[in-house]
Amino acid sequence: MDKKIKKIGVLTSGGDAPGMNAAIRAVVRTGIYYGLEVYGILRGYAGMIENDIIKMESRSVANIIQRGGTILKTGRCDEFFDYEGRKKAYNNLKKPGIDGLVIIGGDGSFRGAQIFSNEFDIPCIGLPGTIDKDIAGTDFTIGFDTAVNTAVEAIDKIRDTAEAHDRLFIIEVMGRDAGYIALHSGIATGAENILIPERKTVIEDVITAIAEKERRQKMVNLIVVAEGEEFGGAYEVAKVIKERLPEQEVRVCVLGHIQRGGSPSCFDRLIASRMGYAAVECLVEGKHNVFVGILNNRMHYIPLNEAVKKKQRLSEEWMRIVKILSA
Ligand code: ADP
């Protein structure tokens, strides 16, 4: 039988995502509710290796639910890839007697957690914290909704200036090798075309569509490009369009890191709160080495060793919607 967990650690790892603070708050307060001692580990796995571990109280997480970033800081940690680094981390956790971990991060962080929990007797629970929404087994990840709303707000502003000048704008959004932010923000802003890694970019089709819109004197022309799009990103697409359609005024805007920051949306605060609470329940109930997802609005627990990067099976319907609605 699993021994009863008394002390838990919480950390944020990998890329930051809005809503991570709401998740930390939920973990700390649910842990305290269950009579556990809760420790915050700073800068992801690096804090475990460097013994940067602090005791958290209910008040430590006051006034953070609305804040972007992460009060625990996050980071990538090369030492954690090596057994020696992980052993050091384990020894540091044992000093205060931490016997359960909640890791808020992306699929890379989950891989680290899975290896760690296999090697040492520390159960790990993952919470999907990534703006990219690229983890299989959950409909949502903490941060995606905020990031996509930030992108939408920015693209709406660009639309105003595009309209004023009759310009074609090519807007690059984040998402690493996933196209979710591009797809969602593109549809929500009425983009004429959306270029994503999951679908081969046929530049001839893009050019034909622009020429056609030009012929019909469409005033605004926005193309949303995912950063991982394989043709080469917004600048490359713009270069080819300028070569082929020299009359066309083309501008590029790379939204970049504004998509990571900012106050989390209501939706992200809610899922972070639900997931943080569920993570502690998992540890208390002995449901170990899983990550917490939400599927069809219900909590869902997926073994950490099944945490895989989600390759979107893009339904052609999405692209059909883009085409029909941008007429
Ligand atoms: P994300 O969690 O956002 O996907 P990364 O892929 O950069 O971010 O992973 C974050 C950290 O997780 C890495 O810097 C490393 O410390 C740890 N990690 C990732 N993959 C592994 C692995 N295979 N073995 C051990 N640790 C890993």
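Mentor: Terms before anything else: helices (H or I, at least four residues) and strands (E, at least two) are DSSP runs, numbered from the N terminus. The model is predicted, so local features need pLDDT of at least 70 and side-chain atom pairs 80 or more, while totals for chains, interfaces and linings use all residues. Residues are numbered from 1 along each chain as its sequence is written, and side-chain values use heavy atoms, without hydrogens and water.

Trainee: Which element gives the largest share of the lining of the largest cavity?

Mentor: Helix 7, with four residues. A cavity is a set of points on a 1 Å grid over the protein atoms alone where a 1.4 Å probe fits but cannot get out; lining residues have an atom within 4 Å of a point.

Trainee: Which residues line the largest cavity?

Mentor: Glu-192, Asn-193, Val-206, Ala-209, Ile-210, Lys-213, Asn-221 and Ile-223. Helix 7 (203-215) and strand 8 each supply at least two.

Trainee: Switching topic. What's the strand order in the open sheet?

Mentor: It runs 7-8-6-9, four strands with parallel pairing. Strand 7 (193-195) and strand 9 (250-254) are the edges, each pairing on one side only. Two strands pair if DSSP finds at least two bridges between them.

Trainee: How many bridges join strand 6 and strand 8?

Mentor: Six, between residues 168-173 and 221-226. Leu-168 has Asn-221 as its bridge partner in strand 8. Asn-221 also lines the largest cavity.

Trainee: And what do strand 10 and strand 11 form?

Mentor: A hairpin, with two residues between them. They pair in the antiparallel sense over six bridges. Asn-296 in the turn has a positive phi of about 50°.

Technical notes. On a 1 Å grid over the protein atoms alone, a cavity is a set of points where a 1.4 Å probe fits but cannot get out, and a pocket is an open set with protein on both sides within 12 Å along at least five of seven lines; lining residues have an atom within 4 Å of a point.
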